[in-house]
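I set out to record what the side chains in this structure do, beginning with the aromatic rings. The entries below follow the order in which I looked things up.

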Amino acid sequence: MRNRGDIVNEALAVTTADIGRGFHGNVLDLILSAGPMVQFVLLLLLFFSVVSWAIILMKYRTIRRSRRENQLFLDVYMKINKLSEVFPESKKFRYSQIAEVFRAGYTELVKIAGMRKESSAEGEPMDETLALELRGLDNVERTLNRACDAESSKLESFLGFLATTGSACPFIGLFGTVWGIMNAFKGIGVTGTATLAVVAPGISEALIATAAGLAAAIPAVVFYNYYLNQVRAITGEANNFASEFMNIIERYYVKAIRR
C-alpha cells in the first residue's frame, strides 16, 4: 500500500506534457471525447443557441422594418387631411403597427357611419340614432385597444424563448459540468490516482458544458432586454396614436355625422 509520501512524489512527477496529452489538443477533441450525457447537454445547448440566434436576427429585421414604416406612415398621416384617403395609403405599410391600428379603427368607424345611414333611412328617432353613435364610439375605442394589444403580442412573439434560453441554459450547462465532474471522480476511483494528468481532462470536459451554457445564455439575455425595450417603445407609440385618433373622431368626425 502506497504511503502519503509516494502519492505526493507521484503528483510532483507529473509534467505539463502529461497534462497536455490529457487535453487532446483542442476544444473539438474535448467535446468528442466527453461522455454521452455531457454530449447530450452540449447538443441541447447548441439547439437553444441556434434557435435563439435565429430569433435574434428575425426580430432585428422585424423591429427595424416596423420602426421605419411607422415613421413613414405617420408622415403620410400628417400630410393627408382626410381619413378616407389615408386608409388606402396605410395598406402600403405591412409592417407598421400604427398603420394596422389605424386600419382597425377606421374600419370600425365606417361601420358606424353605415349603421347611422341605415338608422336614418328607417326613420328612427334622433335619440336612438345618437345612442347608436355613442355605442359605436365605444366600439371604436375597444377596437383600437384590441388592435394595439394584438400588435404588441405579435412583436413580443418568440421573445419568451430568449428569456427561457437566458434563464435555463446556465443551469443546463451546470448540470453537464456536475455530471462530467462525477465521471472524473469515478475515473479517479478506477485508476486509484489523483494526479492532474488523471483529473484535468475530465474537469476540462465538464467545464465545456458550463461555457456552452453561458455562451447560449448571454446573447439571449442581452437581446431579450434590448428587444423588450424596443417593443415597449413601439407599443407606446401605437397607444399614443390610438388616443390621438379617438380625439380626432370625437372632435370632428362625430360632429360631422350629427349635422
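Entry 1. I looked up Phe-175 and found it partly exposed, with a relative accessible area of 41%. Trp-179 is partly exposed too, with a relative accessible area of 33%. I take buried as under 20% relative accessible area, exposed as over 50% and partly exposed as in between, with a 1.4 Å probe and protein chains only.

Entry 2. I noted the basis of these values. This is a predicted model, in which local features need pLDDT of at least 70 and side-chain atom pairs count only at pLDDT 80 or more, while totals for chains, interfaces and linings use all residues. Residues are numbered from 1 along each chain as its sequence is written, and side-chain values use heavy atoms, with hydrogens and water left out.

Entry 3. I counted aromatic pairs, and the structure holds 18. Rings of Phe, Tyr and Trp (its six-membered ring) pair if their centres lie within 6.5 Å; planes under 30 degrees apart are stacked, over 60 edge-to-face and the rest tilted. Tyr-77 and Phe-241 form an edge-to-face pair, 5.0 Å centre to centre with 70° between the planes. This pair links distant parts of the chain, as Tyr-77 is in helix 4 and Phe-241 in helix 9, 164 residues apart. Helices are DSSP runs (H or I, at least four residues) numbered from the N terminus. Both Tyr-77 and Phe-241 are buried. Phe-175 and Trp-179 form a tilted pair, 6.0 Å centre to centre with 45° between the planes. Because they are 4 residues apart in helix 8 (residues 159-191), about one helical turn separates them.

Entry 4. Of its 26 residues, Phe-73, Tyr-77, Val-101, Phe-102, Phe-241 and Phe-245 touch the most other members. Helix 4 (36-79), helix 5, helix 6 (97-121), helix 7 (126-156) and helix 9 (196-258) each give two or more residues to this core. A second, separate core of 13 residues includes Val-38, Cys-169, Ala-216 and Ala-217.

Entry 5. I checked the cysteines. Cys-148 counts as buried at 3% relative accessibility, and Cys-169 is buried at 0%. The structure holds 0 disulfides (pairs of cysteine sulfur atoms within 2.5 Å).

Entry 6. In helix 5 (residues 83-90), I found Leu-83, Val-86, Phe-87 and Ser-90 buried. Seen down the helix axis, they fall within an arc of 110° (from the directions from the axis to the C-beta atoms), so they line one face of helix 5.

Methods:
A nonpolar core is a set of buried Ala, Val, Leu, Ile, Met, Phe, Trp, Tyr and Cys residues joined through side-chain atoms within 4.5 Å.
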